Amino acid sequence: MIMMSLYNKVVSGSLATAGHRERQVNEPIKRRKIMTMNTNHKLNLFAVALVGMMAMSGLTTQTLAQEAHFKKLANLPFSEGRPTKETSQTLRDELLFQRAIQTYLWAMPLINTLGMQVGSERTFGAGYNVLPIWKQRLNAKTLITTPNSDLIYAMSYVDLGKDGPLVMEAPPMLQGILMDFWQRPIPVDGGKFFGDVGLAGPDGGKGGKFLLAPPGYKGPVPEGYYVYRSGTYSVFIFLRGFYGDPKNLTPTVAHLEQTKIYPLIGAAEAKPMKFPDASGVSVNMLPINGGSAFDHLKLLLDREGGNLAGPDWLGMLAAIGIIKGQPFKPDAHTREILDRAAKTAYKMSRVIGFEEIVGGRSYLVYPDRHWTNPVADATSSKPVSPLELSGINRAGGYLELDARINFFTNYFSISPGMLSKTPGKGANYMIAFADSESKPLSGTSNYRLNLPPNIPAANFWSVTLYEAENSSGLANGQPFPSLGLRDKPALNADGSTDVYLGPQAPAGKEGNWLATVPGKGYFAILRLYGPTEHAIDKSWKPGDIEKIK
């Protein structure tokens with residue numbers, strides 16, 4: 001309405017000017033020239049006014065197109081109270097598109113896990129006895145959400161429905177997490193531990209035998225086993241190895257290779273363990289962002305049935321054609337809609353993934369810094385987060401969907417042990433998406449990050465860079481997109497550490513530099529392993545990432 005009023009005002013003003021001029025000019029040729037000039041003037045004025053109004057109201061061409069799309073849907077024609085054939089087809093397609101988007105976003109944790117499983121098993125093989133290990137650390141060739149290049153990773157995916165209860169034998173001091181396919185830490189009998197294996201688990205770092213029991217398992221449990229009762233038949237095993245010297249990883253790898261996984265029943269006939277080296281191998285283990293995500297959800301539903309969801313979301317899956325035990329064969333038209341829906345939903349998850357306020361909760365770690373943490377509420381002064389690790393709001397009893405989407409588009413794996421607030425235990429994570437001026441980090445620009453003296457990490461600290469596009473490690477041409485304590489960066493005179501980020505290292509600062517790629521956005525994660533009291537109570541604060549002018 002404002003634009004139309006402005007248009008009318010511009011037009012009527014122009015016509016008035018034209019009338020005045022025409023009264024002064026009698027020659028027909030001059031009159032035609034003036035009218036032509038006036039028409040151009042009138043259109044120019046309207047264009048300028050329109051652009052001005054769009055700028056003042058925040059409107060863009062994209063916004064107008066979106067409003068036109070919504071308006072088109074709302075005003076699709078009905079005939080005699082019934083949708084026309086064309087209207088019916090348009091709205092059915094739109095309904096499928098919207099349902100598929102919401103299904104994808106709801107299933108984000110599953111799609112994250114499935115992306116890792118599909119990529120890993122396609123490249124390294126499948127089975128309870130296959131445990132890929134990144135024996136030379138994990139570099140940017142492994143596409144996976146926010147990996148830590150400063151640990152040795154080992155990851156496996158097992159099927160308790162196919163193989164029955166499984167036993168994992170772990171050596172002393174092994175660190176790991178056992179999760180169902182929603183990446184919920186699996187509860188341990190006794191109610192005290194969830195998912196953790198090792199120092200934060202029931203064994204206290206002594207190692208032992210860990211029984212993975214499928215849903216509803218009521219069979220025998222051998223004496224002395226730690227029993228993890230999974231909510232899904234499909235289980236994600238995530239192990240991590242810590243090393244002291246980055247030039248000698250052999251002891252850490254050998255320690256991980258002491259792990260054994262085998263069926264509880266028929267252990268004598270168990271397949272021998274395989275530990276393929278995953279380092280340096282090009283493999284895509286990111287969340288599946290195309291229509292095949294729905295095919296893999298179908299395969300997972302066939303394995304899990306009602307373990308996967310309740311009636312409402314099983315109904316949503318059914319509404320897009322995914323039903324346990326029934327064929328899922330969408331025609332070409334449906335397949336195209338599902339593919340576009342998955343790609344759109346993934347992009348929506350990236351929007352949520354960059355937000356500092358999610359579900360009304362600020363993720364800022366400090367009020368005067370840009371560092372964020374999706375579980376920043378769990379501090380020493382407030383040790384219990386308002387959300388359970390599954391994303392359930394403790395007070396309201398509902399799922400905070402955006403919080404879960406934010407986490408699983410950017411990260412994977414979480415457990416109580418990782419979030420320990422006992423000084424010297426667990427880890428502290430801080431994420432920077434923006435610089436000190438609230439602008440997204442750009443690979444074209446140069447930045448400096450100052451870490452004050454006495455960085456409060458009992459084990460080690462590191463800064464790692466990740467692709468803005470998909471949260472995988474930044475392919476920056478360096479061996480690893482990380483820099484930390486064990487790289488021995490130079491200290492400033494006051495004991496602080498400067499980390500430089502940019503396409504070129506500042507002169508003499510090569511040992512404190514992480515390369516970035518011009519034209520590529522990225523973000524950074526600061527990790528403190530074994531955070532001490534000053535990290536937990538936030539009295540130690542890293543500087544913001546500052547652009548170097």
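Helix H10 covers residues 332-353, 22 residues in total. Helices (H or I, at least four residues) and strands (E, at least two) are DSSP runs, numbered from the N terminus. The model is predicted: local features need pLDDT of at least 70, side-chain atom pairs count only at pLDDT 80 or more, and totals for chains, interfaces and linings use all residues. Residues are numbered from 1 along each chain as its sequence is written, and side-chain values use heavy atoms, without hydrogens and water.

Among the buried residues of H10 are Ile337, Leu338, Tyr346 and Arg350. Buried means under 20% relative accessible area (1.4 Å probe, protein chains only). At the start of H10, a side-chain oxygen of Asp331 comes within 3.2 Å of the backbone nitrogen of His333.

An open sheet is built from four strands, in the order E9-E8-E5-E11, with mixed pairing. Strands E9 (226-229) and E11 are the edges, each pairing on one side only. The twist averages 25° from one strand to the next. Two strands pair if DSSP finds at least two bridges between them. Strand E5 (residues 166-170) pairs with E11 in the antiparallel sense, over four bridges. Val167 has Tyr262 of E11 as its bridge partner.

Ser279 sits in the loop between strands E11 (260-263) and E12 (283-284). Ser279 is buried, at a relative accessible area of 15%. A polar atom of the Ser279 side chain lies 3.0 Å from the backbone nitrogen of Lys135.

Terms used:
Buried means under 20% relative accessible area, exposed over 50%, partly exposed in between (1.4 Å probe, protein chains only). A polar contact is a pair of N or O atoms within 3.5 Å; within protein, one must be able to donate a hydrogen and the other to accept it, and residues adjacent in sequence count only if both atoms are side-chain atoms. The expected span of a helix is 1.5 Å times one less than its number of residues. Axes are lines fitted to C-alpha atoms, for helices over the stretch in contact, and angles run from 0 to 180 degrees between N-to-C directions.
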